[in-house]
Amino acid sequence: NMVQSDRLDNGERAMSETPFSPDSQTPRLADISAPAPPAEDNHIFAFPEDEKTPVAEPEPESSTNSDAEKTKENTDAETNAENGNGSNKKADGNAVDEVEDDSPYEIVRCAVSNKDNPEMYSLTFRVWVLGTIFTGLLSFVNQFFFYRQNQLSLGGSVVQLLAFPAGYVMSRVLPKRTFSTFGWKWSLNPGPFSIKEHVLISIFATASSGSPYAIDVVTIKKIWYKSDLGFAASLLFILTSQTMGYSFAGMTRRLLVYPAAMIWPATLISVTLFRTFHEVHSFGQRMTRTKMFWLCFGISFVWYFVPNFIAPALTYIAVLCYVAPNNVIANQLGDSYNGLGMLNFTLDWSTISSNMGSPIAYPWAMACNLFAGFVVVMWIITPIGYYSNAWGSGTMPIYTPHLYTVNGSAYAIREIMTPDQHLDEPKYRAYGPVRMTFQFAMTYGIGFAAVTALLVYIVLHHGSEIVRRVRQSRQGDEDVHMRLMQQYAEVPHWWYAALFGVTFSLSIVVCEVYRMMPWYWVVVATAVPLVFTVPIGIIQAISNQQPGLNVITEFIIGYGMPGNPIANVTFKVYGYITMTQALNLVSDLKLGHYMKIPPRHMFVVQLAGTILASFIELAVAYWLMNSVANICTPEGYPFTCISANTFYSASVLWGLIGPAKLFGPSSPYHPMLYMFFLGALLPVPVWYLQKRYPNSFWRHVNIPVAISISGAMPPMPAASVVNWFIGCFVFNYVLQKYRNTWWQRYAFSLSAGLDSGLAISGIIQFGLFINTKMPQWWGSDASHCKLAATGGFLNQ
């Protein structure tokens, strides 16, 4: 999302955070996918020649019709797959005749096969076993690291990489005996591991593997508002908010999934990777991607003991603080957590990848836009405003999500609250208004600008294309993929309607019984995704950008129920996150559509993965909140909950105080509302220059991408962006340009190995050293910028 976010959410799904090309009306495959390895490259495991047919992957950079035709001719389905359980096909059960036509869109033709074999098994015993294992692994790891200072997140790429050899091994060792249960025949091993099984395992594991937004509400209620919702109520809250999105996804699939015009470019990455695993398998003498993964896994696992336990000072090496440890300005400019991250480097991979994701997944041009936006906001605008004492911010730290009084002391929220945790107006007037840092206020302003900037950008660059695609979809825009999918039984609409009825009813029960929000506001919150899912989905399906509604929901409930922080965040969960979850699920449905997965199998694994992940994530959250001393405070390092801290501050600003007071005419932050208008103007001159000088530097400039970085700052440590950009420069500029063959073959395996090794190492170290600390020495101190967090430059 290109908007202000109240949390740093890195639970990415199967490579769904894919940028688009700033100089093209349609995203280029070369920009949105990892290039397929050459045909002669080693494969992870080679299937016997009588079980698989090798297929040459197309070169992503190619855009000629001849290449598209070559791809179509060379692409073939697994025609030798044995008939197994779970095919979910219609009564005739015959294989589809060869279809010579293809998608009308070249970007789809380059990535997606126009063949299918309905006899290929998909929802098998292997899917249930591996899907459950990977769902548990990702949910545990991502929720565990959600509370830590560096929020590592394992995504779909790890599952895609590891599920393939695991499925292959199971196909070799499990018995092939057929069982009969109540007349239903099934087998532990129906045959070779198929690409459809691989896709279902990935969707199973990533349907809800990131920390749910609702857990932020559970956390702030328990830690800050001291009103624990309880495990059972929290579970209902999470399940209803996570699964309600299925209803909207299912009811909109005829508009957002089936038409060929709804491309969903991000899914083409996963399609390319899945086909690379299963269709290219020649052995050579070079290192395989799996060997690269395990090599990087081992190195990362061992090395993480150094910055995480032995020498935390290596996490952020703040040069300015070492040069001038007693200079407050040097500390503020050089610190990562409470400073601007200048000349701040790292020897910790978690610093590079945990907050922004792996730098390998971002095209170089996009990374330059992001870093340029960071430099303008954090290294130019913020110092100018802060050191000129704008809005009285000179008495506060330069960078923090915490709230303050007018004189710069910490704002005691309980001094202005009633016993039922609402705003007490007389106490608020007596205590004084809330203040935030200059940078935090600018973050909200730039977040406002990001909403309108993205909408205007989409109109200028994709407006005519969106109109054309919508018209095509209304004309029965049925392509070969839709015709192939008609071989499978559809999910009845009443399944989704029943699911909506259950989740909506339980949402009202949870909100009313536990006094989170009146029932009629649940109705209003549900109306937001009902209205916006289709138009926002059309924009995302074509432009690969999702305008966020969190600002809209915050304004609606902020004005509708001022003084009620819990109602504010609850409304945001049901209004904003339900739509986001629905669009994530629609994206998965499109992936299943491209890969010819039976729709009912998709429904089952998405729902099962979400329910299982919700149980595990909430259990991990309560375990950590009940076992880690001083969690979500600086004393609880590394469990400082940087996202939850920011989410709590947002609940106070938008809920307890309310936007009427926060941005009203008498507030110093009132000018931030004009950023809506500024954001609408910013893309226009750039668009003109791109049209006027199509081959100039301007074709790479992307205003929504450039200003989107501020949406996560705070809570993101500033130095994370600096080191992430350095990593992107090394991998996606130097190596991709000068060692392109190596980059194509190993880059994503290297990234997945480093992430996975670090995650497992962090969990093991938590168990080993929970009651152990390193002896005090220079390297054991995680921060050497002591003055950055102690107050403003005017106080020191």
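Among the contacts in the chain with a separation of 6 or more, 83% are between residues 24 or more positions apart, where contact means heavy atoms within 4.5 Å. The model is predicted, so local features are reported at pLDDT of at least 70 and side-chain atom pairs at pLDDT 80 or more, whereas totals for chains, interfaces and linings use all residues. Residues are numbered from 1 along each chain as its sequence is written, and side-chain values rest on heavy atoms, with hydrogens and water left out.

The chain has 796 residues, of which 64% count as buried; buried means under 20% relative accessible area, exposed over 50%, and partly exposed in between, with a 1.4 Å probe and protein chains only. Its secondary structure comes to 31 helices and four strands, taken as DSSP runs and numbered from the N terminus, with helices (H or I) of at least four residues and strands (E) of at least two.

A cis peptide bond, with omega about 10 degrees, joins Tyr637 and Pro638, and Pro638 lies in the loop between H24 and helix H25 (642-657). Cys632 is also placed in the loop between H24 and H25, and although Cys632 is not a glycine, its phi is positive, at about 70 degrees. With a relative accessible area of 5%, Cys632 is buried. Asn389, a residue other than glycine, likewise has a positive phi, near 60 degrees; Asn389 lies in the loop between helix H16 (364-387) and helix H17 (425-431), and is partly exposed, with a relative accessible area of 32%.

Gln421 is also in the loop between H16 and H17, but counts as buried at 13% relative accessibility. Gln421 and Gly563 are separated by 142 residues in sequence, yet lie 8.5 Å apart in space, C-alpha to C-alpha. Leaving aside residues up to four places away in sequence, Gln421 touches Tyr225, Ser227, Gly563, Pro565, Ile566 and Leu656.

The axes of helix H6 (residues 195-206) and helix H24 (residues 599-627) come within 7 Å and cross at roughly 35 degrees, where axes are lines fitted to C-alpha atoms over the stretch in contact and angles run from 0 to 180 degrees between N-to-C directions. The crossing of H6 and H24 is right-handed, a term that applies if the near helix is turned clockwise from the far one by less than a right angle. From H6, Leu200, Ile203 and Phe204 meet residues of H24 that include His601, Met602, Val605 and Leu612.

Finally, there are the aromatic rings, among which a search of the whole structure finds 53 pairs. Rings of Phe, Tyr and Trp (its six-membered ring) pair if their centres lie within 6.5 Å, and planes under 30 degrees apart count as stacked, over 60 as edge-to-face and the rest as tilted. Phe448 and Phe555 form a tilted pair, 5.8 Å centre to centre with 45 degrees between the planes, and this pair links distant parts of the chain, since Phe448 is in helix H18 (residues 438-474) and Phe555 in helix H22 (residues 550-560), 107 residues apart. Both Phe448 and Phe555 are buried. The rings of Phe697 and Trp698 form an edge-to-face pair because their planes stand at 65 degrees, with centres 5.6 Å apart. Phe697 is exposed, with a relative accessible area of 58%, whereas Trp698 is partly exposed, at 31%.
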